[in-house]
Amino acid sequence: MSEFNTTTFQPSSFILTGLRGLVGARLWLGSLLSLMYVTTMAGNSMVMHLVRTERSLQEPQYHFLSMLAVADIILSVSTLCSVLKVFVFGLCDIAFDSCLTQLFFIHTSSSTGSGILLAMAFDRFVAISHPLQYTTILTNSRVTKMGLTALLRGIALMTPLPILLKRLPFCKGTLSYSYCLHPNVMKLACGQVKINIFYGLVLVILSFGVDFLLIAISYALIFQAVMGIASREGRMKALNTCLSHIFIVIIYYGPLLAITVMHRISHRSSPLAHAVLGNIYLFMPPMLNPIVYSLKTKQIRAALRKSFNMQRQ
């Protein structure tokens, strides 16, 4: 049980929940989530290793993919302990400060991942619209600066979240998920949360909203450039280089948009729908990103085959 200080109303801990409504599902869900974590860690670690060691992958788009893999690993590690505690061991408490730390890393890595997806869209725009200037525009130093910008923006935007929550009094202690998110923790407060609501809206707009808008603009320009290619084969080849990124954008922003809307209309949606969407939002993109790029990108498939052949020898 969460214990509350009678003077500050700050809990010593919160109670995490799994998928309420699926009675008796904890054991098989624990096994499934453990498998998903292993797949996520192995897949993203493999991408990082290949990009670091394979000469054929020393291009800006693969450096961005490696950065996305780092963000996905951080996101997964930040939820690992609490999720497995709930679903594998049945332990549902999380300390108040640990909860605030966890939500900071979740939101920061999500924002960083969104910024890297924007950088990857810009990479595809330059590659298709200005192929002759590709290597001069996207130099190694610029690629590094773009990745650092995405990270520093995430840190700067998300740092106020735990500070704003720390000042609130709390009168409830049960969270809707097996991890901590800012909107979820905010709903447990019994004080004024107008500042938190306003800042949360600002975050969605300045981070994910702006990123998605710029990605959409990038692809509008990409499609315009593709239509200017004379041959059908050339157009299909150009579009094929974007398919992996388009799919990742969809599986990243789709659940994020759904969970954002659901938090705004929580009184109309079931707790089970909240929990399912929340788990899809955090677990699916990090697991699918390396799988999609491995299946759809010829250079990564070739690097994988080369790596496996070397291990057999």
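Student: Which residues line the second largest cavity?

Tutor: Please bear in mind that this model is predicted. A cavity is read through the residues around it. Here the lining consists of Leu68, Ala71, Asp72, Leu75, Ser109, Ser110, Gly113, Tyr252, Tyr281, Pro285 and Pro286. Helices H2 (60-87), H3 (96-129) and H11 (271-296) are the elements that each give two or more residues to this lining, and H2 gives the most, with four.

Student: What is the volume of the second largest cavity, and what classes of residue make up its lining?

Tutor: Its volume is about 80 Å³. The lining has seven nonpolar, three polar and one charged residues. A search of the whole structure finds three cavities of 30 Å³ or more.

Student: How does the reach of helix H8 compare with the expected value, and where is its kink centred?

Tutor: One sets the end-to-end reach beside the expected span. H8 (residues 194-227) has 34 residues and reaches 47 Å from first to last C-alpha, close to the expected 50 Å. A kink of about 35° in H8 is centred on Gly209. The buried residues of H8 include Asn196, Tyr199, Phe208, Asp211 and Tyr219.

Student: Why does Thr17 count as buried?

Tutor: Thr17 counts as buried because its relative accessibility is 11%, and the cut-off is under 20%. Thr17 lies in the loop between strand E1 (13-15) and helix H1 (26-53). Beyond its sequence neighbours up to four places away, Thr17 touches Val86, Thr174, Leu175, Ser176, Tyr177 and Ser178. The C-alpha atoms of Thr17 and Val83 are 9.2 Å apart, with the two residues 66 places apart along the chain.

Methods
Residues are numbered from 1 along each chain as its sequence is written. This is a predicted model: local features need pLDDT of at least 70, side-chain atom pairs count only at pLDDT 80 or more; totals for chains, interfaces and linings use all residues. Side-chain values use heavy atoms; hydrogens and water are left out. The expected span of a helix is 1.5 Å times one less than its number of residues. The bend at a residue is the angle between axes fitted to the seven residues ending there and the seven starting there. Buried means under 20% relative accessible area, exposed over 50%, partly exposed in between (1.4 Å probe, protein chains only). On a 1 Å grid over the protein atoms alone, a cavity is a set of points where a 1.4 Å probe fits but cannot get out, and a pocket is an open set with protein on both sides within 12 Å along at least five of seven lines; lining residues have an atom within 4 Å of a point. Grid points are joined across faces, edges and corners, and a volume is the space filled by probe spheres set on the points. Ala, Val, Leu, Ile, Met, Phe, Trp, Tyr, Cys and Pro count as nonpolar, Asp, Glu, Lys and Arg as charged, and the others, Gly among them, as polar. Contact means heavy atoms within 4.5 Å.
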